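This briefing covers an aromatic pair, a sheet and a disulfide, in that order.

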Amino acid sequence: MKAFARRRGRSLILSCAALSLLMVMPSLAGADAPNADSLTLIVDEARLIRMPDRTATLVIGNPLIADASIQPGGLMVLTGKGYGQTNLIALDREGNKLLDRNLLVKRSGELVTVYRGILRESYSCAPQCEPRNTLGDVPAFFNTTLTQTVTRNNQASAIK
């Protein structure tokens, strides 16, 4: 019994030491740890951000995760396109770096996920539950929802 208590005590001490090391050195905590230079986005939502003067070029590390465009007046429209982490770099006309930020794209809080075995369907439940296209949903559900959304949008834009 004493040997078990000593092992448990050593294990607890090692765990605390590892945790304190990660708190002191956040770069060891993994790529998902956001830092002060991170921008958090919600998938399928846009944000307006004022860019540094002289911004001429925007570079997105992974365009499947986020999209950015410069608008008149020094505004950038930043849109979350897929889940994950990437980066954004803004350059002036001479190629000088004006901004370098990590982007973290997450899902919104009101998403409800339904599993049927290993098959997944997603619903946006604010305030009623409606099908929502979400990366990782079963293809039949995703494609049906996407077709209905495109059809509705085409019909709405045809009405004048």
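Buried means under 20% relative accessible area, exposed over 50%, and partly exposed in between (1.4 Å probe, protein chains only). The model is predicted: local features need pLDDT of at least 70, side-chain atom pairs count only at pLDDT 80 or more, and totals for chains, interfaces and linings use all residues. Residues are numbered from 1 along each chain as its sequence is written, and side-chain values use heavy atoms, with hydrogens and water left out.

**Aromatic pair**
- Rings of Phe, Tyr and Trp (its six-membered ring) pair if their centres lie within 6.5 Å; planes under 30 degrees apart count as stacked, over 60 as edge-to-face and the rest as tilted.
- One aromatic pair is found in a search of the whole structure.
- The ring centres of Tyr 123 and Phe 141 are 5.4 Å apart and the planes lie at 55 degrees, so the pair is tilted.
- Tyr 123 sits in strand β9 (residues 119–125) and Phe 141 in helix α2 (residues 139–158), 18 residues apart; helices (H or I, at least four residues) and strands (E, at least two) are DSSP runs, numbered from the N terminus.
- Both Tyr 123 and Phe 141 are buried.

**Sheet**
- Three strands form an open antiparallel sheet in the order β2-β5-β4, where pairing requires at least two DSSP bridges between two strands.
- The edge strands, β2 (46–50) and β4 (66–71), each pair on one side only.
- Six bridges join β4 to β5 (residues 75–80), and Gln 71 has Leu 75 in β5 as its bridge partner.

**Disulfide**
- The structure holds one disulfide, defined as a pair of cysteine sulfur atoms within 2.5 Å.
- Cys 125 is joined to Cys 129, S to S 1.9 Å.
- The torsion about the S-S bond of Cys 125 and Cys 129 is about 110 degrees, so the disulfide is right-handed.
- Cys 125 counts as buried, at 19% relative accessibility.
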